[in-house]
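Biologist: I am new to this structure and would like to learn how to read it. Could we take a strand and then some charged pairs?

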Amino acid sequence: MANASGLVAPTLPSFRRRFSPSLGVYRSGFWFCHGVSRRTVCSSAAQRAEKLSPAESKARRLVSKGCKLVGCGSALPSIQISNDNLSEIVDTNDEWISVRTGIRNRRILSRKESLTAMATEAAQKALQMAKVEPNDVDLVLLCTSTPEDLFGSAPQIQKALGCSHNPLAYDITAACSGFLLGLVSAACYIRGGGFNNVLVIGADALSRYVDWTDRGSCILFGDAAGAVLLQVITPFHIFLIEEDGLFAFDMHSDGEGQRHLKAGMKENNTDQELATNGSLLGLLPKGSSSYSCIEMNGKEVFRFAVRVVPHSIELALEKAGLGVSSIDWLILHQANQRIIDAVATRLEVPQERVISNLANYGNTSAASIPLALDEAVRSGKVQAGDTIATAGFGAGLTWGSAIVRWG
């Protein structure tokens, strides 16, 4: 269970029964010593603890297992749509779009491509980087608002990956905050559920729900998939608590804001006495149901994001006992460059420490954070041990942040 600090901690008695360690307390941190290496580990832990500042010491928590981010991957559709392409469809131009959003290109799925295949490709790349076989995966979390099956697409990804021992796979629907919620959920499964390897995939095809005649929204969205693999840190390694890859998190939702960003269900009515799905006119819903195109009040969403995102990151940093200066990289949901810049300015994070690939892909919803992370890792920008502040925000309205370490 997550405690008030956004971290997961088991009860001390059960931890003792399993490992029978000697418990030493140095300052405000907990350190565990076990077996023949007790003196060495305790000595090292004590030395580390004595060097901690009060803020750093506050971040140490009692946990029996930790997690680390060890692999990432991404995948993109084949069709690229530029701002100039859109200017042939709606009354707009490259300058109008790029100045207001920072977007110049986006990718969309063709009729021959599928979200499931794209998500599977991203997951395979993450497993390859982590050097983990599909049969070692304990859980697959697909964060998406655009599944290709009403009941979810995650099991199809699990099948396509070749996970023959049938690990649990299910969808998480939280729009542009989805990946962040999946990341925190994966950490909780590892810390409290005994899972060793959890795949978190963010994948969306919002192009399927865009009104391509609405220049206020069609310019924003693109399709993509990104994935990360979270892996357990064994009980021995967790003696050094700072190795844990998820320091803290902060998450919220506000249904009052749903009116500003939504894609509600609608009924496709028919005049026939008996609708195509067998519904009886007047007794049951007639016709088939579908979802409307995305409806967004851009000004209100902008105000919402620049207000809540910096505060959420500040709360997560406070829970982690860290300051903004401890952040190596800031990776936000890639929705609008002006939002990214405003949040970075509020937090006083230099632009050279802000990761943005929005210009190339637009708003890819749940895929945007893992896609940006994957590009940064593979380019060598993000290195093992780097601390990352990340935040998602979007429809619901939902928002949240997490402070993580890569590698």
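This is a predicted model: local features need pLDDT of at least 70, side-chain atom pairs count only at pLDDT 80 or more; totals for chains, interfaces and linings use all residues.

Biologist: How many residues of strand E8 are buried?

Modeller: A residue counts as buried when its relative accessible area is under 20%. In E8, which covers residues 197–205, nine of the nine residues are buried.

Biologist: Which residues of E8 lie on one side, and which on the other?

Modeller: On one side are Asn 197, Leu 199, Ile 201, Ala 203 and Ala 205.

Biologist: In which sense do strands E6 and E8 pair?

Modeller: E6, residues 139–143, pairs with E8 in the parallel sense, over five bridges. To find the place in the model, look for Leu 142, which stands opposite Ile 201 of E8.

Biologist: How many bridges join E8 to strand E9?

Modeller: Nine bridges join them, and the two strands run antiparallel. E9 spans residues 223–233. Within it, Val 228 is the bridge partner of Val 200.

Biologist: Now the charged pairs. How many salt bridges does a search of the whole structure find?

Modeller: Side chains of opposite charge can pair when their charged atoms come close. The search finds eight salt bridges here. One of them joins the side chains of Glu 121 and Lys 125, at 3.2 Å from N to O.

Biologist: How far apart are Glu 121 and Lys 125 in helix H6?

Modeller: They are four residues apart in H6, residues 115–130, so about one helical turn separates them. Glu 121 is partly exposed, with a relative accessible area of 35%. Lys 125 is also partly exposed, at 29%.

Biologist: Which residue forms a salt bridge with Asp 244?

Modeller: Arg 191 does, and the closest N and O atoms are 2.1 Å apart. This pair links distant parts of the chain, 53 residues apart: Arg 191 is in helix H8 (residues 178–193), while Asp 244 is in the loop between E9 and strand E10 (246–253).

Biologist: Are Arg 191 and Asp 244 buried or exposed?

Modeller: Both are buried.

Biologist: What is the N to O distance in the salt bridge of Glu 300 and Arg 303?

Modeller: The distance is 2.7 Å. These residues sit three apart in helix H9 (residues 298–320), so they are separated by about one helical turn. Glu 300 is partly exposed at 28% relative accessible area, and Arg 303 is partly exposed at 45%.

How values were computed: Residues are numbered from 1 along each chain as its sequence is written. Side-chain values use heavy atoms; hydrogens and water are left out. Buried means under 20% relative accessible area, exposed over 50%, partly exposed in between (1.4 Å probe, protein chains only). Two strands pair if DSSP finds at least two bridges between them. A salt bridge is a side-chain nitrogen of Lys or Arg within 4 Å of a carboxyl oxygen of Asp or Glu.
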